[in-house]
Amino acid sequence: MAKIPEMFDRVTQFFSEALTRIFSPPEDKDYPEIGVQPFEGDAYKKTSRGSD
């Protein structure tokens, strides 16, 4: 009977560690510094089928 609480503690710890890992920020915060990229294209124009 003493093994049931121990097993429950292990399962609880397993899931809490998993949730912590999922919802915590990433450990590697070494993001590339790319800066702002300028827009070099044409603006989107919505055309109807008959107006080509």
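M7 is exposed, its relative accessible area being 54%; exposed means over 50%, buried under 20% and partly exposed in between, with a 1.4 Å probe and protein chains only. M7 belongs to helix α1, where helices (H or I, at least four residues) and strands (E, at least two) are DSSP runs numbered from the N terminus. The model is a predicted one, in which local features need pLDDT of at least 70 and side-chain atom pairs count only at pLDDT 80 or more, while totals for chains, interfaces and linings use all residues. Residues are numbered from 1 along each chain as its sequence is written, and side-chain values use heavy atoms, leaving out hydrogens and water.

The protein contains one helix and zero strands. It has 52 residues, of which 0% count as buried. Its accessible surface is about 6,200 Å², with 59% belonging to carbon and sulfur atoms; such areas come from the Shrake-Rupley method with a 1.4 Å probe, and for residues only the protein chains shown count as cover.

Relative accessibility is listed here for several residues.

| Residue | Relative accessibility | Class |
|---|---|---|
| R10 | 58% | exposed |
| F14 | 55% | exposed |
| E6 | 43% | partly exposed |

One salt bridge is found in the whole structure, the term meaning a side-chain nitrogen of Lys or Arg within 4 Å of a carboxyl oxygen of Asp or Glu. It joins the side chains of R10 and E6 at 3.4 Å, N to O. These two residues are four apart in helix α1 (residues 3-23), and so about one helical turn separates them.

There is also one aromatic pair. The ring centres of F14 and F15 are 5.4 Å apart and the planes stand at 80 degrees, so the pair is edge-to-face. Rings of Phe, Tyr and Trp (its six-membered ring) pair if their centres lie within 6.5 Å, with planes under 30 degrees apart counted as stacked, over 60 as edge-to-face and the rest as tilted.

M7, V11, F14 and F15 make a nonpolar surface patch of about 440 Å². Patches consist of residues with over 30% relative accessible area and no salt bridge; like charges are joined within 9 Å, and nonpolar side chains (Val, Leu, Ile, Met, Phe, Trp, Tyr) within 5 Å.
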